[in-house]
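Student: I have a model open and some questions about it. Can we work through them one at a time?

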Amino acid sequence: MHQLAAALCLMLVIEGLLLFAAPQGWQAMVREALKLPPRTLRLFGAGAMAAGLVLLQFFH
């Protein structure tokens with residue numbers, strides 16, 4: 001459980017870093033994402049989760 005909490009905290013740090021370092025780039029990315037259909041966003045989300053799980057298995 002401790003490792004899961006640490007991983008979630010690290011994720012928040014990385015997300016916050018992106019917002020802090022490049023807020024206009026983040027806004028532009030969100031504007032472009034709003035143009036995509038929900039199915040495409042779901043596929044990107046599924047791909048990111050699959051890649052994360054594969055990398056977790058590889059590095060753990």
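Student: Let's start with L18. Which helix is L18 found in?
Tutor: This is a predicted model. In it, L18 sits in a helix, and that helix is α1.

Student: Is L18 buried, exposed or partly exposed?
Tutor: Exposed needs over 50% relative accessible area, and buried needs under 20%. L18 has a relative accessible area of 49%, so L18 is partly exposed.

Student: How far apart in space are L18 and A46?
Tutor: In sequence, L18 and A46 are 28 residues apart. In space, taken C-alpha to C-alpha, the separation of L18 and A46 is 21 Å.

Student: Now V13. Is V13 buried or exposed?
Tutor: V13 also belongs to helix α1. The cut-off for exposed is over 50%. V13 has a relative accessible area of 55%, so V13 is exposed.

Student: And how far apart in space are V13 and P23?
Tutor: Ten residues separate V13 and P23 in sequence. Their C-alpha atoms are apart in space by 15 Å.

Student: What is the area of the nonpolar surface patch that includes L4?
Tutor: L4 is placed in helix α1. The patch is made by L4 together with M1, L8, M11 and L12. Its area is about 590 Å².

Student: Which helix has the lowest confidence?
Tutor: The average pLDDT is 92, and 100% of the residues score at least 70. Confidence is highest in helix α2 (residues 23-35), at 95. The lowest mean is 91, in residues 2-21, helix α1.

Student: How many aromatic pairs does the structure hold, and what kind of pair do F58 and F59 make?
Tutor: The structure holds one aromatic pair. The ring centres of F58 and F59 lie 5.0 Å apart, and pairing needs centres within 6.5 Å. Their planes stand at 80 degrees, and over 60 counts as edge-to-face. So F58 and F59 form a pair that is edge-to-face.

Student: Are F58 and F59 buried or exposed?
Tutor: Take each against the cut-off of over 50% for exposed. F58 has 64% relative accessibility, so F58 passes. F59 has a relative accessible area of 64%, so F59 passes too. For F58 and F59, the answer is exposed.

Notes
Residues are numbered from 1 along each chain as its sequence is written. This is a predicted model: local features need pLDDT of at least 70, side-chain atom pairs count only at pLDDT 80 or more; totals for chains, interfaces and linings use all residues. Side-chain values use heavy atoms; hydrogens and water are left out. pLDDT is the predictor's confidence in each residue, from 0 to 100. Helices (H or I, at least four residues) and strands (E, at least two) are DSSP runs, numbered from the N terminus. Rings of Phe, Tyr and Trp (its six-membered ring) pair if their centres lie within 6.5 Å; planes under 30 degrees apart count as stacked, over 60 as edge-to-face and the rest as tilted. Buried means under 20% relative accessible area, exposed over 50%, partly exposed in between (1.4 Å probe, protein chains only). Patches are made of residues with over 30% relative accessible area and no salt bridge: like charges are joined within 9 Å, nonpolar side chains (Val, Leu, Ile, Met, Phe, Trp, Tyr) within 5 Å. Accessible areas come from the Shrake-Rupley method with a 1.4 Å probe; for residues, only the protein chains shown count as cover. A salt bridge is a side-chain nitrogen of Lys or Arg within 4 Å of a carboxyl oxygen of Asp or Glu.
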